Amino acid sequence: MRIENFIHIMNVLEALKRNTRHSWLSDGRRESVAEHSWRLCVMAYFVKDEFPEIDADRLMLMCLFHDIGEAFTGDIPAFLKTDEDEVVEKNAVEKFLGTLDSPYKEELSALFSEMNGLFTEEAKLYKALDKMETLIQHNEADISTWLPLEYEENLVYGEKETAFSEYTEALRREINRMSLEKMRDAGEEA
């Protein structure tokens, strides 16, 4: 890759470090999109023994690149994101990928097609882990950062995405247990 192209890509993707998510960290600071993606990659690494049939490197690439569109759109919380927002983000990703040199353009375009189609075990697992990372982060943050709708939403978020595997279903149940415990400790009800 030409150095000018490499520097341009780094400049564009720096936005993922600046753009914050709806989520808060345990120290009271907003989480960046890049921090979410990094921890999602770490999660993928540490569950690879539970899914020996998957391509762990491909899974980690999905986790690393899945929110690249948010470099252009910023983060829109799932409970506010519309179909129109999805289209805008998808178009921004396609436009960005179109600027890349080969083989990156083709490799990442195929990766996004696989992630969007959810037709491989890697894509299903990335999507399930993405939902679970969000919930883990919510549980780590002070409950005062939760919106009222999150008391109920956190208990159903990711149900569909985790249903493909016993392991991801068990993970979601444990995260739900932790959410309920956090609410109970705070004197809140779901």
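Visitor: Which residue forms a salt bridge with Arg21, and how far apart are the closest N and O atoms?
Guide: Arg21 pairs with Asp67, and their closest N and O atoms are 3.8 Å apart; a salt bridge here is a side-chain nitrogen of Lys or Arg within 4 Å of a carboxyl oxygen of Asp or Glu. The pair links distant parts of the chain, since Arg21 sits in strand β1 (residues 20–24) and Asp67 in the loop between α4 (56–65) and α5 (70–73), 46 residues apart. This is a predicted model, in which local features need pLDDT of at least 70, side-chain atom pairs count only at pLDDT 80 or more, and totals for chains, interfaces and linings use all residues. Residues are numbered from 1 along each chain as its sequence is written, and side-chain values use heavy atoms, with hydrogens and water left out.

Visitor: Are Arg21 and Asp67 buried or exposed?
Guide: Both Arg21 and Asp67 are buried, where buried means under 20% relative accessible area, exposed over 50%, and partly exposed in between, with a 1.4 Å probe and protein chains only.

Visitor: And what about Glu140, which residue does its side chain meet in a salt bridge?
Guide: Glu140 meets Arg39, at 2.9 Å from N to O. Glu140 lies in helix α8 (residues 121–140) and Arg39 in helix α3 (residues 33–46), so this pair ties together parts that are 101 residues apart in sequence. Glu140 itself is partly exposed, with a relative accessible area of 36%.

Visitor: Which residues do shared partners join into one network?
Guide: Salt bridges with shared partners join Arg21, Glu31, Asp67 and Asp75 into one network.

Visitor: How many salt bridges does a search of the whole structure find?
Guide: The search finds 15. Another of them joins Glu4 and Arg2, with the closest N and O atoms 3.5 Å apart, and there both residues are exposed. As for the charges overall, the protein has 22 positive and 41 negative side chains, and the centres of the two sets lie 3 Å apart. In that count Lys and Arg are positive and Asp and Glu negative, while His and the chain ends are not counted, and each charge is placed at NZ of Lys, CZ of Arg, CG of Asp or CD of Glu.

Visitor: Switching to the fold, how many helices and strands are there?
Guide: There are eleven helices and two strands, taken as DSSP runs numbered from the N terminus, with helices being H or I of at least four residues and strands E of at least two. From the N terminus the elements run α-α-β-β-α-α-α-α-α-α-α-α-α. The radius of gyration is 17 Å, close to the 16 Å that the globule rule gives for 190 residues, so the protein is as compact as a globular protein of that length; the radius is taken over C-alpha atoms, and the rule is 2.2 Å times the number of residues to the power 0.38.

Visitor: Where is Pro103, and what is the peptide bond from Ser102 like?
Guide: Pro103 is in the loop between α6 (83–98) and α7 (104–117), and the bond from Ser102 to Pro103 is cis, with omega near 5 degrees.

Visitor: Last one, what does His138 touch?
Guide: Leaving out residues up to four places away in sequence, His138 touches His22, Ser23, Trp146, Glu150, Asn154 and Lys182, a contact being heavy atoms within 4.5 Å. His138 lies in helix α8 and is buried, with a relative accessible area of 8%.
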